[in-house]
Amino acid sequence: MTTKNTWKLKRYGRFISDSDVKGSTSWKVYEKHEKKPELLITIVEAGYLLVLQGKECLDTIPLLCVADALKVHQKLDNLMFRFTLKGEGRMVRMQFDGRSRAEALQECSSAVEKLREYTTVSQDDALQAANQSPADASAPATQTRQKQEVRADPQAVQGKITMEQLTQHFLGETVVRLPEVYRHSYFTQGDLELILRICLLDPSFPAFVEKVETELRKLLEE
């Protein structure tokens, strides 16, 4: 399945509470409508999910917050998000669009594939079983061999990455495949070469590198 960054929605709902009326809660729902701009979600590489209706941004969901602050669950062609933003608990639900329910489910699964580059996504048991191939269910020996082969490759970090994992990786003590967001550089090739030349010509640079390594090892000891 080809991973993309934008998906169409059939319905989007935001759970809201009225702080002025104790215990008052409701859902604010946006529906796909031929006379209104399309409902879309897009995932930007900086680690945010944007909910859009045309050019209007309805919501921004941070994907790189601490693990306990964001929960994502897939139920068929729906995604449900629970997250904390500025100390306020929020809940949203989105249903994906498609010419059929099967296509909508495929679109939702495509979005989940992209989301897993940033965070953990749980699924209903029925979905997990559907995603398991017959070979996986009938060949435990093959599964064992595959797991052994995976261990030989760099460990892929799923969801959030800890400060300890990052520090060990940069010190060369472990080798991991970092989430997609850590693989992007905002420097052009020319900018990077210029920065490196300036650093290497600075007599204090080796001492700085040594100091950085010392501080990284302190982080591991904390």
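**Exercise 1.** Find out how the side chains of Lys218 and Glu215 meet in this predicted model.

*Solution.* Start with the contact: Lys218 and Glu215 form a salt bridge, 3.4 Å from N to O (a side-chain nitrogen of Lys or Arg within 4 Å of a carboxyl oxygen of Asp or Glu). Next, look at the spacing: the two sit three residues apart in helix 7, about one helical turn (helices are DSSP runs of H or I with at least four residues, strands are E runs of at least two, and both are numbered from the N terminus).

A word on the ground rules: residues count from 1 along each chain as its sequence is written. Since we're on a predicted model, local features need pLDDT of at least 70 and side-chain atom pairs 80 or more, while totals for chains, interfaces and linings use all residues, and side-chain values use heavy atoms, leaving out hydrogens and water.

**Exercise 2.** Work out which parts the salt bridge between Lys114 and Glu45 ties together.

*Solution.* First, the contact itself is 3.4 Å, N to O. Then place the partners: Lys114 is in helix 1 (residues 101–115) and Glu45 in the loop between strand 3 (39–44) and strand 4 (48–53), so the bridge links parts 69 residues apart in sequence. Finally, Lys114 is buried at 6% relative accessible area, whereas Glu45 is partly exposed at 24%.

**Exercise 3.** Say how many salt bridges the whole structure holds.

*Solution.* Search all of it and you get 10.

Definitions and conventions:
Buried < 20%, exposed > 50% of the residue type's maximum accessible area, 1.4 Å probe, protein only.
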